[in-house]
Amino acid sequence: MTEITSKTDGENPQMTTEQTDSGAVVASTEVVNNYPHPIVEFWQYFRANKGAVFGLVVLVLLVLMAIFAPLLAPHPPNEQYRDALLMPPAWAEQGSMLYPLGTDDLGRDLLSRIMYGAQVSLTTGSMVVVLAVSFGILLGLLAGYFRGLVDIVITRLMDVMLAVPSLLSAIVIVAILGPSLLNAALAVVITQLPHFVRLTRSSVISEMPKPYVTASQVAGASHLRLMFNTILPNCLAPLIVQATLGISTAILDLAALGFLGMGAQPPTPEWGTMLSGSLQFMQRAPWMVTFPGLFILITVLCFNLMGDGLRDALDPKLKR
Amino acid sequence: MLLYLFKRMAVFIPTFFGITLLTFAMIRLIPGDPIELMAGERGIDPERHAILRAEMGLDDPIVFQYLNYIGDVLQGDLGVSVVTKTPVLDEFLALFPATVELSFFAIIFALSIGLPLGIIAALRRGSMIDYTTMGISLTGYSMPVFWWALILMMVFSVTLGWTPVSGRISFLYYVEPVTGFLLIDTWLEGNWAAFKSALWHLVLPATALGTIPMAVIARMTRSSMLEVLGEDYIRTARAKGLSSWRVVMIHGLRNAMIPLITVIGLQVGVLLAGAILTETMFSWPGIGKWLIESVRRRDYPSLQGGVLLISAVVIIVNLIVDVLYGVFNPRIRKQ
């Protein structure tokens with residue numbers, strides 16, 4: 001933890017001078033000392049982890065697939081082709097190039113549904129984490145900065161929330177609010193919240209006694225300034241790693257809820273929801289089972305690979 | 001040691017009461033009147049409704065209601081299932097052994113694959129074996145449990161026909177529940193055919209459920225072993241001329257196991273959440289499947305009781321793990 005601050009402390013002024021000297025673009029040769037720009041340094045560490053780069057590349061492809069789904073998808077996601085029910089993938093004997101990954105029991109093109117499904121999973125997954133991180137940072141800062149009663153109340157509450165297995169509490173919340181994608185997303189936000197609160201709180205507590213915080217305090221910085229401008233930037237590294245890993249858990253939990261009929265409702269082309277109807281076609285149409293789940297696995301795997309890479313690049317403890 | 005135990009207990013009790021507060025709030029937050037929910041579609045006449053409200057204490061101040069609830073919970077009264085009309089605690093206890101049996105074998109699976117994988121990866125750091133092992137581990141960690149269960153079922157039950165598709169035991173056998181653990185019950189009866197059937201029914205669900213813990217254990221074993229193998233006492237052990245096997249298994253693994261205990265303990269929550277999906281997939285008659293059915297049947301007392309009991313199990317296991325950690329690692333007690 002000490003190393004995080006010493007690193008960022010040393011680099012913050014450097015970053016500002018560089019930005020004023022040569023604009024946003026970094027030219028490491030112009031810098032007087034030999035330290036690379038933080039972003040360059042970060043990229044060097046990240047690049048060294050081949051798995052992380054692989055994850056990033058595949059993820060970019062997935063995001064592009066989601067964005068351009070309307071252009072790339074051969075069919076509209078909910079269009080039912082009555083003459084092509086349960087068509088096998090193109091490479092199978094009865095397959096047709098019209099439906100590259102086959103069709104489902106209603107004659108909908110699986111590939112198109114998976115492409116549109118990427119939109120649903122990636123947007124809800126990242127929105128969930130953005131919300132969980134924001135509220136987590138807020139509560140964690142309050143608890144870690146003010147300590148005392150605020151801290152006790154927040155920490156106890158988070159401990160209680162952590163005692164209930166996350167999928168179970170998500171199910172309970174959906175049972176209260178009613179099944180829908182929005183409610184499922186909200187439920188996952190609530191289950192993820194404690195992790196970010198605890199992480200922020202512990203970083204804040206380890207930062208608080210540092211001289212730079214005291215200096216800022218003596219200089220007359222307000223509570224808000226101290227919390228958000230002084231302390232928070234130095235707590236971000238572990239939060240970024242956790243957020244990346246959080247997206248993968250969010251996607252998994254949302255898919256599980258969709259599968260149980262408690263998340264996105266049909267005919268939304270959500271990957272988990274698509275699987276929930278496939279159980280009875282296991283024997284006749286294995287492709288209906290295989291492909292949506294495969295995409296969940298690939299997406300989650302990419303986020304986890306990237307999270308590992310980010311940890312390597314951002315956690316100075318492992319750098320040396 | 002006793003002080004350490006008390007300190008851990010002091011955290012456990014408020015957490016438990018916190019959970020009762022949540023489960024109490026949960027029932028209050030569900031939209032709709034509880035009595036109308038119980039009456040169902042038939043409806044209920046207003047007079048009877050008022051009597052029931054008074055009887056159930058729904059007219060009392062909210063604090064009273066909560067205290068009543070706590071009192072009931074402490075006496076083991078978790079309410080009555082709206083659907084089956086049996087006490088929630090009885091239903092839970094009848095189904096719990098099935099979940100424990102499944103989780104136990106899932107952990108056995110996770111340990112018997114995860115530990116060796118982690119050790120080999122640590123010993124051959126940077127080799128192809130290391131990369132493959134960590135690849136397997138990361139894939140397992142990213143696995144959507146319900147889909148993995150579907151794939152296993154599709155390959156091993158439907159296509160290859162090696163294992164039964166669902167349930168705990170073939171319906172050909174009837175086993176009198178003594179302990180509730182089918183393997184123990186059939187073994188006590190000496191009914192080997194039934195024992196074999198029960199064992200075969202366990203293979204796929206335990207594999208599906210154990211995959212994520214396996215991945216976590218493999219990863220943690222690797223990093224923990226790497227850390228330990230760099231210690232001075234390992235060098236000393238090697239210098240003494242001990243065999244590599246002894247150095248790795250006795251001096252290395254035993255010390256590497258200390259952080260692993262915590263990790264395995266934390267997997268209990270993961271296992272119980274995974275059990276919800278696995279049991280639903282394999283029609284395994286345990287707590288997970290029961291909870292999902294309770295949600296579907298709007299059997300809120302069962303859901304409430306189930307959440308409370310499962311959370312209690314999780315915090316008790318964490319407490320035990322904390323204590324074990326203190327036993328295995330004397331340094332922690334002194335703090």
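The model is predicted.

Chain A is built from 13 helices and has zero strands. From the N terminus on, its elements run α-α-α-α-α-α-α-α-α-α-α-α-α. The chain has 320 residues, of which 53% count as buried.

Chains A and B meet through 36 residues of chain A and 42 residues of chain B. Together they bury about 3400 Å². Carbon and sulfur atoms account for 83% of that area. Charged pairing across the interface is limited to a count of one salt bridge. In this salt bridge, the side chain of Arg219(B) meets that of Asp308(A), at 2.9 Å from N to O.

Several helices form the side of chain B that touches chain A. Helix 1 (2–29), helix 6 (128–141), helix 7 (145–159), helix 11 (244–282), helix 12 (287–296) and helix 13 (300–328) of chain B each supply at least two residues. Helix 1 of chain B gives the most, with eight residues. By residue class, this side of chain B comprises 33 nonpolar, seven polar and two charged residues.

The largest nonpolar core contains 137 residues. The residues with the most contacts inside this core come from both chains: Ile171(A), Leu257(A) and Ile296(A) from chain A, and Phe146(B) and Leu303(B) from chain B. Helix 10 of chain A (residues 223–259) contributes the largest share, 19 residues.

Phe146(B) illustrates how residues of the two chains come together. With neighbours within four places in sequence left aside, its contacts in chain A are Ala255(A), Ala256(A), Phe259(A), Gly272(A), Leu275(A) and Ile296(A). In chain B, Phe146(B) is in contact with Leu277(B) and Met281(B). Ile296(A), a contact of Phe146(B), is itself listed among the residues with the most contacts inside the largest core.

Another core, of 24 residues, lies apart from the largest one. Its members include Ala106(B), Leu182(B), Ile264(B) and Ala275(B).

Terms used
Residues are numbered from 1 along each chain as its sequence is written. Chains are lettered from A and ligands numbered from 1 in the order in which they are written. This is a predicted model: local features need pLDDT of at least 70, side-chain atom pairs count only at pLDDT 80 or more; totals for chains, interfaces and linings use all residues. Side-chain values use heavy atoms; hydrogens and water are left out. A nonpolar core is a set of buried Ala, Val, Leu, Ile, Met, Phe, Trp, Tyr and Cys residues joined through side-chain atoms within 4.5 Å. Buried means under 20% relative accessible area, exposed over 50%, partly exposed in between (1.4 Å probe, protein chains only). Helices (H or I, at least four residues) and strands (E, at least two) are DSSP runs, numbered from the N terminus. Contact means heavy atoms within 4.5 Å. Buried area is the accessible area (1.4 Å probe) that two parts lose on being put together, summed over both. A salt bridge is a side-chain nitrogen of Lys or Arg within 4 Å of a carboxyl oxygen of Asp or Glu. Ala, Val, Leu, Ile, Met, Phe, Trp, Tyr, Cys and Pro count as nonpolar, Asp, Glu, Lys and Arg as charged, and the others, Gly among them, as polar.
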